[in-house]
Amino acid sequence: MPQNDSGVIDADSHVGLALDTWDRFLDPGMASHPRRPRFVQADGIHYFMADRYRWPSHTGRLPYRTPSGHAPGPRGGVDAEYRMRDFMDPEGVDRGMLMPGRFMSAISYFEDSAIGNAQARAYNDWLADFCSTYPSRLFGFGVVNVADPAAAVAEMRRCVHDLGFPAIYISPSVVGRSPDDYRVMSDEHFFPVYEEAARLDVPLSIHAFSDPHVEGHGHNWPRAGSMLWSDIVGFPFQGMQVFVNLVLGGVCDTFPETRFGIFESGLGWMPMVIDRIHERQEKFTELVRMAAPEMELLPEEYIQRQIWMGFEPEDPFLPHFIEWTKAPHRTLLSIDYPHLDYEPGQVEGFRARDDVSDDHIRMAEWDNSIDYFRWEGTAAR
């Protein structure tokens, strides 16, 4: 079993939100807004509400208690001390990157951008406070509202310079009041964010979700169990959409210095997509030239240059990803605590894998994250 003297970096685990987050950190000027972010309790369940959305925040029989009351979601997502005892210390995780949960996945889908901007600022302040408990071990993905690029750029600067976050989380699409307001990552709407990320030398990270908040999207799934179908198919499909936007949509060619990360979509779809792009580059050359005029490289060459991929320790497709991309230096170990995907002992299990070389294991659990997050330059240690 390989031993990494540097330790282990978990590039993607999750936090929740304490129930007093909005009382403590939301702009007081939003206090009277009827669609402000807030928690509402009904039938023993806490619901998170913001703009036009409403989600049950905890459906278990025994909500976890924190100093602020019953916290939505697993205790390790809102209690830093418990997180250390329950996960990071037993697994030997030296540093953990904290990804937002579903409460933050739709801030770029709000009808009112002012609500999304205020929610992002409040969340980032809460996250910085959470990380301050262990400032050399807990680090946040700062969240910005890409529905408002100017506000997103300003918040990116605050996240990096004032809060010390080594990465920025962005939604992969924008949903406004009508279908005409829908934006995807290859649209120029996103360009100010990409440009600023390169200037700040901070990576842009996309956690794969499906788009269940788009009107009519749910009709694509069977009527029963739509959340299950979305979880199985929607996450990898969103990863494919992001990759195609970055590569065929010309984003990587326009912003070659910007680093991108795609998380929680798995790796198994990547060889298939690369193979299909290869075939079209070979057999439909003129079509590719017309549809993707900025594309100058092979798809795997963009990964080798500027796209990192998060993967869970047991992902069986890791060797195939490395074979097809020749990019073991672009893999990021992502344990996904405290979600149900996580099981104790996953770091040890990853190090015991016999289908990945010791060097590639070491790279995935430390070196690649140092390269992606640029820790020495962007965050206090």
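## Close-up views of a predicted model

**View 1. Glu264, a buried residue with positive phi.** Glu264 has a relative accessible area of 17%, so this residue counts as buried. Welcome to the first stop in a predicted model. The backbone of Glu264 is worth a look too: phi is positive, about 60°, although the residue is not a glycine. Glu264 sits in the loop that links strand E13 to helix H8 (269–283).

**View 2. Lys326, an exposed residue with positive phi.** Here is another non-glycine with a positive phi, Lys326, at about 55°. Its loop runs between helix H11 (318–325) and E15. Is Lys326 buried or exposed? With a relative accessible area of 57%, Lys326 is exposed.

**View 3. The eight-stranded open sheet.** Follow the strands across this sheet and you will meet them in the order E1-E7-E8-E9-E12-E13-E14-E15, paired in the parallel sense. Strands E1 (8–14) and E15 (331–333) are at the edges with a single partner strand each, so one side of each has no neighbour in the sheet. From one strand to the next, the twist averages 30°. Zoom in on E12 (residues 204–207) and E13 (residues 260–263), and you find a parallel pair held over four bridges. Which residue of E13 is the bridge partner of Leu204? The partner is Phe260.

View 4. Helix H10 (residues 299–306) is arranged another way: it lies across E13 and strand E14 (307–311), and runs at about 85° to E14.

**View 5. The three-stranded open sheet.** This sheet has antiparallel pairing and the order E2-E3-E4. Strand E2 (38–42) and strand E4 (53–56) each have a single partner strand and stand at the edges, so one side of each is left without a neighbour in the sheet. The twist averages 30° between one strand and the next. E2 and strand E3 (residues 45–50) run antiparallel and are joined by five bridges. For a landmark, look for Ala42, whose bridge partner in E3 is Ile45.

View 6. Arg24 and Asp129 form a salt bridge, with their closest N and O atoms 3.2 Å apart. Arg24 belongs to helix H1 (residues 21–25) and Asp129 to helix H3 (residues 113–131), so this pair ties together parts that are 105 residues apart in sequence. Both ends are partly exposed: the relative accessible area is 45% for Arg24 and 33% for Asp129. A search of the whole structure finds 22 salt bridges.

**View 7. The salt bridge of Arg95 and Asp94.** The closest N and O atoms of this pair are 3.5 Å apart. What is the relative accessibility of Arg95? The value is 3%, so Arg95 counts as buried, whereas Asp94, at 29%, counts as partly exposed.

View 8. The side chains of Arg259 and Asp201 meet in a salt bridge at 2.6 Å, N to O. Arg259 is in the loop between helix H7 (251–254) and E13, and Asp201 is in the loop between helix H5 (191–200) and E12, so the pair ties together parts that are 58 residues apart in sequence. Arg259 counts as buried at 4% relative accessibility, while Asp201 counts as partly exposed at 32%. Salt bridges with shared partners join Asp201, Arg259, Arg330, Asp371 and Arg374 into one network.

View 9. The peptide bond from Tyr337 to Pro338 is cis, and omega is near 0°. To find the spot, go to the loop between E15 and helix H12 (346–351), where Pro338 is located.

View 10. Ile232 lies in helix H6 (residues 226–247). For context, the chain exposes about 16,400 Å², and carbon and sulfur atoms supply 51% of that area.

How values were computed:
Residues are numbered from 1 along each chain as its sequence is written. This is a predicted model: local features need pLDDT of at least 70, side-chain atom pairs count only at pLDDT 80 or more; totals for chains, interfaces and linings use all residues. Side-chain values use heavy atoms; hydrogens and water are left out. Two strands pair if DSSP finds at least two bridges between them. Helices (H or I, at least four residues) and strands (E, at least two) are DSSP runs, numbered from the N terminus. Axes are lines fitted to C-alpha atoms, for helices over the stretch in contact, and angles run from 0 to 180 degrees between N-to-C directions. Contact means heavy atoms within 4.5 Å. Accessible areas come from the Shrake-Rupley method with a 1.4 Å probe; for residues, only the protein chains shown count as cover. Buried means under 20% relative accessible area, exposed over 50%, partly exposed in between (1.4 Å probe, protein chains only). A salt bridge is a side-chain nitrogen of Lys or Arg within 4 Å of a carboxyl oxygen of Asp or Glu.
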